[in-house]
Amino acid sequence: MPYVIITGASRGIGAATAKVFAQKGYDIVLNYCHSQQKAEDLAAFLRKEYHVQVLPMQADVSNPKEAETFIRSAMVVWGTPSVLVNNAGIAQQKLFTDITWEEYQTMMNTNAGGVFSCCKAVLPAMIHVKKGAIVNVSSMWGVSGASCEVHYSASKAAVIGLTKALAKEVGPSGITVNCVAPGVIDTDMNGILSQETLNGLAEETPLSRLGTPEDIARAIYFLASADAAFITGQVLTVDGGIL
Ligand code: NAP
């Protein structure tokens, strides 16, 4: 049975991605950081609904040792994964002049460092078997830049650079590396925005709505699937046309 490792899968886009892969028959390693109950509940739902195996694993991916340990432990149990989805991420809105060095470091360590560490942990095994797919979750702000989200935008631009470079390096080993760049998606991450702001963002979007976690999950699954076997190093923007 193929299996996928998904980081930050306790909520939002990661949880929706776990559902899509489970529907397709994948076993799931479901990483979470703080939301243990949500991860356990989702795991129970996936087992019952789709009859797949699910391994919830706690790790803070911003910590390279924790990221490496959880991925190595998963591989001891289930071997080399078919797919790694680097989805875990945090956001913060602040004027650039108010962002502290520590906040910048936390943002970079989580959003870009987590991708680096998880790719490093999984790649020797994927290279050994000469196959695998990695899908990273960036953001449209990593493409265009967002006011009051300079550190977030920088971390997501780093994910795009890492994706493109790594795709070239591991392509000869039969491994694809791509990323999705979501627009404004209706998850907890945007919970700090007022309903008025969210309505304004939906109006600005050519498709006239916010994205759903499922919109992104389906794009992630596509990039990991055999239908995308000749696609690598790409950034798939899934934003309802807003960019
Ligand atoms: P969310 O609802 O806030 O969920 C974030 C997920 O990431 C949670 O499962 C959380 O786990 C996990 N996480 C956070 N820090 C972690 C860490 N250090 N180690 C491991 N897991 C960690 O956010 P979302 O909207 O689904 O976002 C998912 C990804 O999409 C992020 O990379 C985000 O930047 C990106 N994105 C989102 C949007 C949007 O509009 N929502 C737009 C563009 C890109 P716990 O709850 O267990 O701590």
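How do the residues of the lining of the largest pocket divide into nonpolar, polar and charged? Hi everyone, let me walk you through that. Keep in mind that this is a predicted model.

The lining of the largest pocket holds 18 nonpolar residues, 21 polar ones and five charged ones. As for volume, the largest pocket comes to about 990 Å³. Its lining is made up of 44 residues, and those nearest the centre are Gly-89, Ile-90, Ala-91, Thr-187 and Met-189. Helix 1 provides the largest share, with three residues.

On to the second largest pocket, with about 290 Å³ of space. Here 16 residues form the lining, and Ser-82, Lys-131, Gly-132, Ala-133 and Ala-224 are the closest to the centre. Strand 5 (132-137) and helix 8 (213-224) are the elements that give two or more residues to this lining. By type, the lining of the second largest pocket has nine nonpolar residues, six polar and one charged.

Is Gly-240 buried, exposed or partly exposed? Gly-240 has a relative accessible area of 25%, so it counts as partly exposed. Leaving out residues up to four places away in sequence, Gly-240 touches Thr-205, Pro-206 and Leu-207. There is also Arg-209, 31 residues away along the chain, whose C-alpha atom is 7.6 Å from that of Gly-240.

Definitions and conventions:
Residues are numbered from 1 along each chain as its sequence is written. This is a predicted model: local features need pLDDT of at least 70, side-chain atom pairs count only at pLDDT 80 or more; totals for chains, interfaces and linings use all residues. Side-chain values use heavy atoms; hydrogens and water are left out. Buried means under 20% relative accessible area, exposed over 50%, partly exposed in between (1.4 Å probe, protein chains only). Contact means heavy atoms within 4.5 Å. On a 1 Å grid over the protein atoms alone, a cavity is a set of points where a 1.4 Å probe fits but cannot get out, and a pocket is an open set with protein on both sides within 12 Å along at least five of seven lines; lining residues have an atom within 4 Å of a point. Grid points are joined across faces, edges and corners, and a volume is the space filled by probe spheres set on the points. Helices (H or I, at least four residues) and strands (E, at least two) are DSSP runs, numbered from the N terminus. Ala, Val, Leu, Ile, Met, Phe, Trp, Tyr, Cys and Pro count as nonpolar, Asp, Glu, Lys and Arg as charged, and the others, Gly among them, as polar.
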